[in-house]
Each structure stands twice: as C-alpha cells, then as structure tokens.
Amino acid sequence: GINAEYGKHPPEIRAEAAAKATVAAFAASEGHAHPRVIELPKTAEGLGFNVMGGKEQASPIYISRIIPGGAAAKDGSLRRGDQLLSVNGQSVEKSSHETAVDLLKNAQGKVRLVVKYTPKILEEME
C-alpha cells in the first residue's frame with residue numbers, strides 16, 4: 001500500500017542528494033575551498049608573504065611566497081596558492097597588483113585577510 005511508503009524519501013530525492021554530495025566532493029578536490037579569515041600581526045618586516053597577480057595580468061591576487069620566519073610562516077594558516085580576497089574588509093578581487101600591495105603595506109597592527117585556496121592559479125602561473 002501507499003501508506004507503507006509514506007515518510008520515506010522518494011528515490012529521486014535521494015539521487016539528487018547523492019549527486020549534490022558528489023559535486024561538493026569534486027569541488028573540494030578542485031580546491032574551491034571556503035574563504036578563510038586569517039589575522040596576522042604586522043611586524044617591521046611586514047606580513048611575511050609576497051603576492052602576485054592583479055587585474056592588469058587578468059589574474060586574481062594570490063600568495064606567491066611565504067617568507068621563512070615571517071609573520072605568515074609563524075602563524076601557519078596562509079598557504080602558497082591562496083587567493084587574496086580582501087585586506088581589512090577591502091576587497092582586492094578585482095584590484096590591480098599595486099592596489100593590493102598598497103593595502104598590505106599601509107595596513108597597521110593586526111591585519112585581517114580573507115583568502116581561499118586555489119592551487120589552479122599556481123599551476124597556471126608556474
């Protein structure tokens with residue numbers, strides 16, 4: 001009877017959930033990571049990383065190098081290949097290289113970075 005099936009998910013909903021899970025797993029393996037917030041103390045040596053990219057290069061701003069012993073290296077959260085999304089709440093997603101560097105240079109004290117890991121950028125740049 002019909003009542004016995006009541007309350008169970010119809011197979012198409014289960015299939016859709018499985019497909020969504022597969023897509024999520026694929027996206028994760030592709031490195032479309034969730035944005036992460038990292039707070040780094042600005043030292044006399046700066047923040048301890050270099051960035052590359054910018055709109056003039058038709059590339060996002062991303063972390064190209066973590067300087068050994070610098071603030072970013074000590075913190076350990078930032079990774080080479082992280083795309084820089086914002087600096088202290090100012091988006092750099094569409095900014096030029098110079099704009100992003102200026103924001104990082106002019107930031108004082110604790111600097112709040114929003115990044116997401118996109119290793120594809122590094123592959124394209126290597």
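Predicted model: local features only at pLDDT ≥ 70, side-chain atom pairs only at ≥ 80, totals over all residues.
Residues are numbered from 1 along each chain as its sequence is written, and side-chain values use heavy atoms, with hydrogens and water left out.

Reader: What percentage of the residues of the protein chain count as buried?
Author: Buried means under 20% relative accessible area, exposed means over 50%, and partly exposed lies in between, with a 1.4 Å probe and protein chains only. For the 126 residues of the protein chain, the buried share is 33%.

Reader: Which strand and which helix each supply at least two residues of the lining of the largest pocket?
Author: On a 1 Å grid over the protein atoms alone, a pocket is an open set of points where a 1.4 Å probe fits, with protein on both sides within 12 Å along at least five of seven lines, and lining residues have an atom within 4 Å of a point. Grid points are joined across faces, edges and corners, and the volume is the space filled by probe spheres set on the points; for the largest pocket this is about 170 Å³. The lining includes Phe 49, Asn 50, Val 51, Val 101, Leu 104 and Lys 105. The two elements that each supply at least two lining residues are strand 2 (49–54) and helix 4 (97–106).

Reader: How do the residues of the lining of the largest pocket divide into nonpolar, polar and charged?
Author: Ala, Val, Leu, Ile, Met, Phe, Trp, Tyr, Cys and Pro count as nonpolar, Asp, Glu, Lys and Arg as charged, and the others, Gly among them, as polar. Among the lining residues are Lys 42, Glu 45, Gly 46 and Ile 67. The division is six nonpolar, three polar and three charged.

Reader: Which residue has a side chain joined to that of Ser 96 by a polar contact?
Author: Ser 96 lies in the loop between strand 5 (90–91) and helix 4, and Ser 96 is buried because its relative accessible area is 16%. A polar contact is a pair of N or O atoms within 3.5 Å; within protein, one must be able to donate a hydrogen and the other to accept it, and residues adjacent in sequence count only if both atoms are side-chain atoms. At 2.8 Å, the side chain of Ser 96 has such a contact with that of Thr 99.

Reader: Over the ring of which residue does the charged end of Arg 79 sit?
Author: A charge sits over a ring if NZ of Lys or CZ of Arg is within 6 Å of the ring centre and within 35 degrees of the ring normal. The charged end of Arg 79 is 3.7 Å from the centre of the ring, which belongs to Tyr 117.

Reader: Is Ala 58 buried or exposed?
Author: Ala 58 is in the loop between strand 2 and strand 3 (59–66), and its phi is near 50°, a positive value in a residue other than glycine. Because its relative accessibility is 76%, Ala 58 counts as exposed.

Reader: What distance separates the C-alpha atoms of Ala 71 and Pro 41?
Author: Ala 71 is found in helix 3 (residues 71–75), and Ala 71 is buried, with a relative accessible area of 11%. Ala 71 and Pro 41 are 30 residues apart in sequence, while their C-alpha atoms are separated in space by 6.6 Å.

Terms used: Helix = DSSP H or I, 4+ residues; strand = E, 2+ residues; numbered from the N terminus.
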